[in-house]
Amino acid sequence: MQPMTLNHTRELDIFYNENRSKCTLCGKLFSDGDCAHLGYLNDDSHAVLCDACSAELKETVVRYHWKKDIYETPKLSNKLWRYMDLSKFISLISKNELYFSALTCFDDPFEGAKGIVTMKKKWDDFYLNFVRQAILTAPGMDLSKLTQEKLESESQRLLDQINSIGNNERQSIFISCWHLNDFESEAMWKLYSKDVTNAVAIQTTYMHLYEALYKDPTISIGKVNYIDFSKQFTSVNDAFWFKRKSFEHEHEVRAVVKKRSENITGISFPISVDKLIDNIYISPYAPAWFAEVVKSLLEKYNINKPLLQSDMCAQPFY
Ligand SMILES: [Zn+2]
């Protein structure tokens with residue numbers, strides 16, 4: 001097996017993100033635990049290969065233990081919405097930056113949680129047993145030297161380590177939230193804008209969001225899983241892809257970035273506003289003059305996108 005060069009490039013990482021589900025040579029779908037070989041073929045093209053095809057690589061950049069994503073990726077054409085106050089909209093279009101809030105700043109205390117506290121003992125018992133078995137069956141373990149006391153203290157130490165992952169991870173997650181929907185949503189206007197009389201919504205698609213973020217391979221975009229915390233746990237890692245069932249109406253898609261930077265409230269990423277925005281909607285609760293203000297802002301920043309009145313302004317007939 002040839003050594004890994006670890007010579008990552010942005011293009012190679014983008015290729016991996018877009019092609020990681022199967023071997024790019026034979027088409028074999030990867031399963032959890034498979035080894036995926038990422039690198040270059042003889043003609044210098046990128047490849048992600050299975051074990052059987054891996055000898056075809058001229059250069060192996062890295063081998064991964066393949067693992068299925070914990071989240072589902074939206075379809076390329078899925079419509080995504082972001083409802084925001086005018087101040088946030090101005091910030092977006094004037095700076096060409098998308099703001100990612102720190103997970104620790106979210107209102108929902110269950111953000112990044114592994115479960116509810118009444119289930120903590122069940123969780124601990126499960127993982128304590130798991131690590132106990134791992135110690136007992138570790139290759140080369142000399143059971144004659146392992147006292148019960150030593151086994152228990154070592155298991156507890158490993159459990160503490162597992163439990164600390166969640167707390168540490170919460171400090172390094174930054175998220176931009178989007179609403180997945182084919183249509184405008186009345187509830188989302190009120191939920192996501194602090195002053196609904198002063199709000200706009202931008203509508204994009206999954207593909208346009210991904211491209212507008214310059215396909216940044218450090219950003220993951222996926223659907224939130226909604227689960228019943230009284231019956232289920234989330235995950236040791238990446239618990240921020242789960243929320244409680246009571247939030248299911250949000251149909252949230254989130255763009256997530258992991259970055260070690262403690263005690264900050266958010267970070268911004270460069271974004272192409274032109275690629276991002278398909279349509280801009282004016283809040284149905286905005287006064288008449290508001291559309292003119294938004295229109296002049298679009299002119300000022302040279303944004304040539306459809307500015308639409310909310311569909312909820314339409315008048316009924318009986
Ligand atoms: Zn293959």
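The legends below describe close-up views of a predicted model.

**View 1. Domains of the protein chain.** The chain is divided into domain 1 (10-65), domain 2 (79-111 + 171-312) and domain 3 (117-169). Between the C-alpha centres of domain 2 and domain 3 the distance is 40 Å.

**View 2. Contact between domain 2 and domain 3.** On the domain 2 side, 7 residues take part, and they are in contact with 7 residues of domain 3. The side of domain 2 that touches domain 3 consists of 4 nonpolar and 3 polar residues, with no charged ones.

**View 3. Strands S1, S2 and S3.** Strand S1 (residues 35-40) pairs with strand S3 (residues 59-65) in the antiparallel sense, over 6 bridges. In this pairing, Cys35 stands opposite His65 of S3. S1 also runs antiparallel to strand S2 (residues 46-49), to which 4 bridges join it. Here His37 stands opposite Leu49 of S2.

**View 4. Hairpin turn between S1 and S2.** The two strands form a hairpin, and 5 residues lie between them. Asp44, in the turn, has a positive phi of about 70 degrees.

**View 5. Surroundings of Ser101.** Ser101 belongs to strand S5 (residues 97-102). Beyond its neighbours within four places in sequence, Ser101 is in contact with Phe106, Phe174, Ile175, Thr265 and Gly266. For Ser101 and Ile175, the separation is 74 residues in sequence and 5.3 Å in space, C-alpha to C-alpha.

Terms used:
Residues are numbered from 1 along each chain as its sequence is written. This is a predicted model: local features need pLDDT of at least 70, side-chain atom pairs count only at pLDDT 80 or more; totals for chains, interfaces and linings use all residues. Domain bounds come from an automatic or database domain assignment. Two residues are in contact if their C-beta atoms, placed from the backbone, lie within 7 Å. Ala, Val, Leu, Ile, Met, Phe, Trp, Tyr, Cys and Pro count as nonpolar, Asp, Glu, Lys and Arg as charged, and the others, Gly among them, as polar. Two strands pair if DSSP finds at least two bridges between them.
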